[in-house]
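Hi,

Here is the model I said I would pass on.

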Amino acid sequence: MKQKVALVLSSGGSKGFIHIGVINELEKHGFEISSISGSSIGSVIGGLYAMGKLSEYTNWIKPFTKRNIWDLMDFTISSNGLMKGEKVFNKMKTFIPDMHIENMNIPFTAIATDIINEKEIVFATGSFYEAVRASVAIPSLITPVKYKDTFLVDGGVLSPVPIEYVKRSANDILVVVNLYGKKDNKITNPKIVEKKNNGYYSILNDFVDSINKLVSSGDKESPGYFSLLNTATHAMLHKLAKENIEKHQPDIIINLPFDIANTFDFHKADELIELGEKAATKEIIKYLNSKK
């Protein structure tokens with residue numbers, strides 16, 4: 001019998017593509033993923049796997065360019081966020097129909113944050129797209145979701161690594177992918193060859209770059225407002241993730257440095273998936289050797 005795995009996928013923006021590589025390696029090494037929980041991008045990847053549609057999603061994102069990212073940005077004049085965050089999911093619905101979470105192939109939970117009552121909201125039933133739309137609502141970037149008598153934002157705000165919400169079964173092992181690891185100068189950031197575009201497309205590339213810099217500047221030497229805000233946020237998420245991991249003691253923990261990619265580096269899918277595969281292989285082999 002295959003070893004069953006309860007898989008937990010952290011939040012982390014575009015770094016979440018690393019989750020795809022981890023899933024690839026778990027399957028390649030003969031593990032059976034029997035349940036998943038995720039926050040933010042972790043809920044998107046985890047839910048797609050649970051409904052058997054991860055390959056369709058992967059084929060869609062792999063050719064992404066900065067222009068594709070621009071085309072999926074739905075900016076708004078709302079004071080609650082820069083984007084509505086609906087355009088990308090509307091596009092996904094054209095080739096991945098919605099599904100109720102309770103009808104998925106394996107147990108799945110998506111985590112969002114009730115910002116008014118300061119608590120996690122766990123989606124284990126209902127529409128996949130409604131659940132993940134709430135789970136990815138990064139404060140100040142993507143508008144919050146009205147839910148009953150409150151508002152929901154990104155699940156990573158309170159639960160960046162939602163270990164306590166994954167369904168466990170007898171004899172499974174706990175595998176956690178944490179995208180808030182310490183900065184590691186030994187790991188080289190993904191390298192891609194940017195296509196040189198002139199005119200309009202060059203402007204789009206520059207704009208996406210500027211959005212990344214606005215959101216993801218983490219230079220601790222910089223006094224800039226967004227740099228300080230981002231650095232403080234990462235410190236908080238790193239601490240929350242670390243404490244939760246230490247509390248639950250996963251059988252396999254796959255840590256990736258928080259600065260391995262920027263929030264909107266969705267055009268680096270191939271590189272990020274490969275990073276996930278390499279990081280997972282290392283930890284899986286270590287685990288298998290410990291069982292000999």
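**Salt bridges**

Searching the whole structure turns up nine salt bridges, where a salt bridge means a side-chain nitrogen of Lys or Arg within 4 Å of a carboxyl oxygen of Asp or Glu. Before I go through some of them: this is a predicted model, so local features need pLDDT of at least 70 and side-chain atom pairs count only at pLDDT 80 or more, while totals for chains, interfaces and linings use all residues. Residues are numbered from 1 along each chain as its sequence is written, and side-chain values use heavy atoms, with hydrogens and water left out.

One of the salt bridges joins Glu-25 to Lys-28, with 3.1 Å between the closest N and O atoms. These two sit three residues apart in helix α1, so about one helical turn separates them. Glu-25 is buried, at 5% relative accessible area, whereas Lys-28 is exposed, at 62%. For those words, buried is under 20% relative accessible area, exposed is over 50%, and partly exposed is in between, with a 1.4 Å probe and protein chains only.

Asp-270 and Lys-62 make another salt bridge, with the closest N and O atoms 3.8 Å apart. That pair ties together distant parts of the chain: Asp-270 is in helix α9 and Lys-62 is in the loop between α3 (54-61) and α4 (66-71), 208 residues apart. Asp-270 is partly exposed, with a relative accessible area of 37%, and Lys-62 is partly exposed too, at 39%.

Then there is Arg-168 with Asp-172, whose closest N and O atoms are 2.8 Å apart. Arg-168 is partly exposed, at 43%, but Asp-172 is buried, at 9%.

What covers β4? Both faces are covered, with Phe-108, Ala-110, Ala-112 and Asp-114 on one side and Thr-109, Ile-111 and Thr-113 on the other, all of them buried. Seven of its seven residues are buried, so β4 is largely enclosed by the rest of the structure.

As for pairing, two strands pair if DSSP finds at least two bridges between them. Here is how that works out for β4:

- β2 pairs with β4 in the parallel sense over four bridges, and Gly-38 stands opposite Ala-110 in β4.
- β5 pairs with β4 in the antiparallel sense over five bridges, and Ala-112 faces Ile-121 in β5.
- β8 (residues 150-154) pairs with β4 in the antiparallel sense over three bridges, and Asp-154 in β8 is the bridge partner of Ala-112.

β4 and β5 also form a hairpin with four residues between them, and Glu-118 in the turn has a positive phi of about 55°. Ile-115 is in the loop between these two strands, β4 (108-114) and β5 (119-123), and is partly exposed, at 41% relative accessible area.

**Helix α2**

α2 (residues 41-50) is mostly covered, with 10 of its 10 residues buried. Gly-52, which follows α2, has a positive phi near 75°.

**Aromatic rings**

There are 11 aromatic pairs in the structure. Rings of Phe, Tyr and Trp (its six-membered ring) pair if their centres lie within 6.5 Å; planes under 30 degrees apart are stacked, over 60 edge-to-face and the rest tilted.

Phe-31 and Tyr-287 are a tilted pair, 6.4 Å centre to centre with 50° between the planes. They link distant parts of the chain, 256 residues apart: Phe-31 is in the loop between α1 (17-28) and β2 (32-39), and Tyr-287 is in helix α9 (residues 269-290). Both are buried.

Phe-17, Tyr-57, Trp-60, Phe-64, Phe-95, Phe-264 and Phe-266 form one aromatic cluster.

Cheers
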